[in-house]
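Dear colleague,

Please find below the structure that I am handing over to you. The findings follow directly after it, arranged so that you may read them with the structure open.

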Amino acid sequence: MPHDGSDSDCDAETPPADGARPTVTRRALLRSVGGATALSYTVGSIAHARGRRRADLDQDGLVAAETHTGPTERALAATFGDQFDGLDPSRRELLIDVRYVRGTSVAAETKAAIEGLFRREGIHAQWLDYPKRYDRERFEREYGSNARTVLWGGNSFYRTEIKREFRNVAVQLVVVPGRSHPAYEGLVYSPWTDALGGGQDGHVNGFSVGNRAVVAERDQVREEQRLILHEIAHLALCHADDPQNDGVMGTGERIDLTDREWERLRRNLDNVRDRTGYDVLFRSCLWEDCLPML
Ligand SMILES: [Zn+2]
């Protein structure tokens with residue numbers, strides 16, 4: 001299928017300033033993951049990184065009441081309630097903050113499958129469904145089904161709707177219905193992909209930039225799992241053109257990553273950083289793919 005699995009990721013509308021290689025500012029966003037060092041960077045202190053105190057402090061056999069101690073954790077708990085399982089510096093965390101356009105959803109099986117994969121690999125993934133659903137008409141009018149206006153444009157959904165305190169600790173996954181035009185039904189337009197002549201006239205299933213992604217809702221659970229895992233994995237991974245790679249970054253036959261990719265993802269989850277000096281994150285492979293063409 002021309003657009004199956006295609007979300008190749010270049011955008012001619014966002015060249016780096018003066019065409020120069022982006023400076024690595026290492027603002028180290030998305031430090032939500034990766035143990036004590038990363039967490040301490042994000043929330044300011046190890047103490048803050050303690051999500052729920054499970055310790056039996058007075059050793060009476062009763063676990064102390066769970067509390068969210070840091071401002072980031074309090075904000076997460078206030079917004080996401082019980083979905084938020086706290087942060088623990090002794091484990092690798094991945095918070096998936098899902099934003100839904102009204103009428104869209106992610107199947108429970110998909111969430112469970114992806115959470116299971118991450119946890120199998122030592123990453124404590126947490127699905128955080130944002131309680132507010134975005135009105136479809138308004139969303140279409142203001143942002144459309146365009147990766148740029150959803151994820152990184154000046155007045156993008158991301159910039160307008162995502163509070164700063166959530167930007168750096170979670171990956172934002174925006175679930176949209178996709179275009180209704182018959183030729184591009186259920187797809188999202190990516191100007192980047194279009195510039196490369198990819199997708200279906202630049203239309204793709206999903207698109208990821210650094211710590212955020214947009215996916216068009218999928219009816220089939222398997223396809224949904226494949227797509228969402230693919231976009232989340234883009235936090236640290238690029239596409240694999242090795243035909244032996246049957247995971248979601250390769251041929252997509254298996255809803256999984258290769259051992260090597262998991263290792264790389266684990267290693268790099270706390271290493272996603274702002275590469276532009278702007279509030280946009282790009283993967284190194286994305287730059288490498290695209291810069292020569294700009
Ligand atoms: Zn991709």
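Predicted model: local features only at pLDDT ≥ 70, side-chain atom pairs only at ≥ 80, totals over all residues.

The buried residues of α11, which spans residues 259-268, are E261, W262 and L265. These three cover an arc of only 100 degrees around the axis, which puts them on the same side of α11. As background, an α-helix has 3.6 residues a turn, so residues three or four places apart point the same way. What covers the buried residues of α11 includes α10.

The chain as a whole

The chain has 294 residues, and buried residues make up 45% of them. It contains 12 helices and seven strands. Consider next the contacts between residues at least 6 apart in sequence: of these, 67% join residues at least 24 apart.

Helix α3

Which residues of α3 are buried? In this helix, made of residues 71-80, they are T72, E73, L76 and F80. Seen down the axis of α3, the buried residues fall within an arc of 95 degrees, so they line one face of the helix. The face turned away from that buried side carries the exposed residues P71 and A78. After α3 comes G81, and the phi of G81 is positive, near 60 degrees.

T72 and F166 are 94 residues apart along the chain, yet their C-alpha atoms are separated by 7.8 Å. F166 belongs to helix α8, which covers residues 164-167. F166 is partly exposed, with 19 other C-beta atoms within 10 Å; a residue needs 20 or more to be buried.

The packing of α4 and α10

Two packed helices are described by the angle between their axes and the distance between the axes. What are these two values for α4 and α10? Helix α4 (residues 108-120) and helix α10 (residues 221-233) pack at an angle of about 45 degrees, and their axes are 9 Å apart. This angle makes α4 oblique to α10. The crossing of the two helices is right-handed.

The residues that meet can be located in the sequence. From α4 they are E109, T110, A113 and I114, and from α10 they are V221, E224, Q225, I228 and L229. Sorted by class, this contact has five nonpolar, two polar and two charged residues.

G178 lies in the loop between β3 (171-176) and β4 (188-189). Is G178 buried or exposed? It is buried, because 24 other C-beta atoms lie within 10 Å, and 20 or more are required. Leaving aside residues up to four places away in sequence, G178 touches S145, E185, G186, L187, V188, A216 and E217. For one of these, A216, the C-alpha separation from G178 is 4.9 Å, although the two residues are 38 residues apart along the chain.

G103 is found in the loop between β1 (92-101) and α4. G103 is partly exposed, with 13 other C-beta atoms within 10 Å. Where does G103 make its contacts, not counting residues up to four places away in sequence? It touches R136 and P177. The C-alpha atom of G103 is also separated by 8.7 Å from that of V176, a residue 73 residues away along the chain.

D201 is in the loop between α9 (191-195) and β5 (203-204). Its phi is positive, at about 50 degrees, although D201 is not a glycine. D201 is partly exposed, with 14 other C-beta atoms within 10 Å.

With kind regards

Definitions and conventions
Residues numbered from 1 in each chain as written. Buried ≥ 20, exposed ≤ 12 C-beta atoms within 10 Å, placed from the backbone. Helix = DSSP H or I, 4+ residues; strand = E, 2+ residues; numbered from the N terminus. Arc of directions from axis to C-beta. Axes fitted to C-alpha atoms, helices over the stretch in contact; angles between N-to-C directions. Parallel < 35°, antiparallel > 145°, perpendicular 65-115°, else oblique. Left-handed = near helix turned anticlockwise from the far one by under 90°. Contact = placed C-beta atoms within 7 Å. Nonpolar A, V, L, I, M, F, W, Y, C, P; charged D, E, K, R; others polar.
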